[in-house]
Amino acid sequence: MATTKNFLPEQYRQSNKLGINHNYLDQQFSDHQVIWAKMRDVVIRGDFTLGSEVDLLEKEYAHISGTKHAIGVGSGTDAIFLSLKALGVGEGDEVITTAFTFYATIGAIVTAGAKPVFCDIGADYNINSLEIEAKITPATKAILPVHWSGKPCDMDAIEDIAQKHNLAIVGDACHAISATYKGRTAGSLGTLACFSFHPLKNLNVWGDGGIITTNSDELADKLRLMRNHGLVGRDECHMFAYNSRLDTIQAVVARHMLEKINHITESRVAHANYFDKELRSVPQIIIPKRDTDIYQVYHIYSICCQRRSELQNYLIENDVDAKVHYPIPMHLQPAADYLGHKKGDFPIAETIADNTISLPVHEFISRNQQDHVINLIKAFYD
Ligand SMILES: *Cc1c(COP(=O)(O)O)cnc(C)c1O
C-alpha cells in the first residue's frame with residue numbers, strides 16, 4: 001500500500017518558494033476583510049446549513065450560466081458523482097470519457113459504480129469526438145466530456161451522438177466557468193454540467209465546494225434531494241442518499257468571487273493570448289489547437305515542448321513555477337490496472353502527457369513576468 005501521509009502542505013510550501021507562481025491566493029484574497037464581514041453576518045444569524053447565501057449563489061450561478069437551475073454541492077468531484085447518480089448510473093453501467101483528465105473525473109465514475117471507457121484526445125487535448133461512437137455498448141449510460149483547460153469540447157458532435165443513442169451528457173466543466181462554445185455557456189452544455197470551487201480553480205473558495213447546472217427540473221429536484229439526505233422536510237425522506245451540501249461559509253466566498261469572475265477570466269485570456277503570440281514562433285513549441293468560435297478560459301495554460309523535463313527544471317531553477325498537468329494519463333495509472341489497458345492504447349494522450357508543460361497564467365501575472373518567462377524559454381532553446 002502506498003503512503004497515505006498528507007503531502008499537500010509540503011507540496012504547496014515547495015512551489016510557493018518560486019517568484020512566478022501558479023499559486024496566487026494571498027493576492028487573490030488581499031481583500032479578505034470584506035469576506036470576513038459577510039461571514040460574520042452568517043455566523044451571527046447561525047445560518048450555517050444550506051443557508052440563504054447558498055440560495056443566492058445558486059440563483060446567481062444559474063443566471064450567469066443561462067440555465068434554469070444551479071445546485072450547490074460539496075465539491076467538483078461530488079458534482080460529477082451526484083450527477084451520474086441522479087441519472088441512475090451504477091453497477092454494470094459504462095461511461096465514456098477522456099483518458100486525459102484529472103483523477104476526480106474518473107474517481108467519480110468509478111465510485112458511482114460504473115466502468116470508465118476511455119477515448120483518446122485530439123490536438124486541443126479534449127476528447128476526440130470521432131472515437132466516441134465506436135465505444136458505445138448496451139451498457140453505456142452517459143458521455144462525460146471534460147472541457148480541459150477551460151476549452152469546451154466538440155459539443156455539436158457529442159450532442160448528436162448522445163441524441164442518436166439516447167445517452168446523457170455530464171460535462172466536467174471544473175476548468176470552464178465563463179467559457180463558451182458557439183455562444184453557449186459551459187454550464188448549458190450537456191444534460192448537466194459540473195463545476196469546482198477548489199482554491200486553485202478560476203472561481204475559488206476557502207476550502208471545497210462545487211455546483212451543478214442543468215435545465216432539467218426533474219434532475220434539479222433529484223439533486224437537491226440527493227445532496228441533503230433525500231429530505232423533503234425534517235421528518236420526510238424520499239430517498240436514502242448523501243450529505244454533500246455546499247457549505248454556507250464557502251458560498252459567501254463564492255458569491256464574493258462571482259463579482260470578480262469577469263475580470264479573472266479576461267486577465268487569464270489576455271495572458272494566454274500573449275503567451276500564444278510570443279511562443280508561436282519558437283520551433284520547439286507546439287501551441288494546442290485554438291478555435292475562433294470557442295471562448296477558452298485557461299484554467300491552465302499548457303503547451304507542448306521539446307525536452308520537457310529539462311525545460312521544466314530550467315524554468316524552476318530560474319524562479320518560474322512550471323508544472324505538468326499531468327504526466328501520466330488515466331489508463332496508465334496504477335488505479336486503472338483492473339481495466340487492463342497498456343501503453344499505446346491512447347497514443348495522443350500519452351504524447352501530450354510526455355511533452356506538455358503549464359505556465360502560470362492567472363490574473364496577477366504581470367507583463368514583465370510573462371516576458372521573463374518567454375525570454376527564459378527562448379534562451380533555453382538557443
Ligand atoms: C478540480 C477538478 C475536479 C474536481 O474538483 P474538486 O472540487 O477538487 O473535487 C474534477 N475534474 C477536473 C477536470 C478538475 O480539474
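How exposed is Arg-307, in terms of relative accessibility? Arg-307 counts as partly exposed at 42% relative accessibility, where buried means under 20% relative accessible area, exposed over 50% and partly exposed in between (1.4 Å probe, protein chains only). This is a predicted model, so local features need pLDDT of at least 70 and side-chain atom pairs count only at pLDDT 80 or more, while totals for chains, interfaces and linings use all residues. Residues are numbered from 1 along each chain as its sequence is written, and side-chain values use heavy atoms, with hydrogens and water left out. Helices (H or I, at least four residues) and strands (E, at least two) are DSSP runs, numbered from the N terminus.

**The sheet**

- Seven strands make up an open sheet with mixed pairing, in the order β1-β9-β8-β5-β4-β2-β3; two strands pair if DSSP finds at least two bridges between them.
- At the edges sit β1 (69–73) and β3 (115–119), each pairing on one side only.
- On average, neighbouring strands here are turned by 25 degrees against each other, direction ignored. Axes are lines fitted to C-alpha atoms, for helices over the stretch in contact, and angles run from 0 to 180 degrees between N-to-C directions.
- Strand β2 (residues 94–98) runs parallel to β3, and five bridges join them. Glu-94 has Lys-115 as its bridge partner in β3.

- β9 is largely enclosed by the rest of the structure, because five of its five residues are buried.
- Gly-210, Ile-212 and Thr-214 point one way from β9, Ile-211 and Thr-213 point the other way, and all are buried. As background, side chains in a regular strand alternate between the two faces of the sheet.
- β1 and β9 run antiparallel and are joined by five bridges, with His-69 standing opposite Thr-214 in β9.
- β8 and β9 also run antiparallel, again with five bridges; here Ser-196 stands opposite Gly-210 in β9.

- Contact means heavy atoms within 4.5 Å.
- Helix α7 (residues 155–164) lies across β4 and β5, at about 150 degrees to β5.

**The ligand site**

- Of the 15 residues around the ligand, Thr-77, Asp-172, His-175, Ser-196 and Lys-201 come nearest; a residue is near if one of its heavy atoms lies within 4 Å.
- Thr-77 puts a polar side-chain atom 2.5 Å from an oxygen atom of the ligand, and Ser-196 has one 2.6 Å from a ligand oxygen atom. A polar contact is a pair of N or O atoms within 3.5 Å; within protein, one must be able to donate a hydrogen and the other to accept it, and residues adjacent in sequence count only if both atoms are side-chain atoms.
- For Asp-172, an N or O atom in the side chain is 2.7 Å from a nitrogen atom of the ligand.
- The protein buries 92% of the 380 Å² that the ligand exposes when taken alone. Accessible areas come from the Shrake-Rupley method with a 1.4 Å probe; for residues, only the protein chains shown count as cover.

**Helix α9**

- Nine of the eleven residues of helix α9 (residues 248–258) are buried, so this helix is largely enclosed by the rest of the structure.
- Among the buried residues are Val-252, Val-253, Met-257 and Leu-258.
- The cover over these buried residues includes α2 (25–28), α3 (32–45), α4 (52–65) and α10 (261–279).
- At the start of α9, a side-chain oxygen of Asp-247 reaches to within 3.0 Å of the backbone nitrogen of Ile-249.

- Most residues other than glycine have a negative phi, and most peptide bonds are trans.
- Arg-307, in the loop between β14 (301–305) and α11, has a positive phi near 50 degrees.
- Ser-149 has a positive phi too, about 55 degrees. It lies in the loop between β4 and α7 and is buried, with a relative accessible area of 7%.
- His-325 and Tyr-326 are joined by a cis peptide bond with omega about -5 degrees; Tyr-326 sits in the loop between α11 (308–317) and α12 (347–355).

**Around Ile-377**

- Ile-377 lies in helix α13 (residues 367–381) and is buried at 1% relative accessible area.
- Not counting residues up to four places away in sequence, Ile-377 touches Leu-279, Ile-285, Leu-311, Leu-315 and Leu-359.
- Ile-377 and Ile-285 are 92 residues apart in sequence, and 9.6 Å apart in space from C-alpha to C-alpha.
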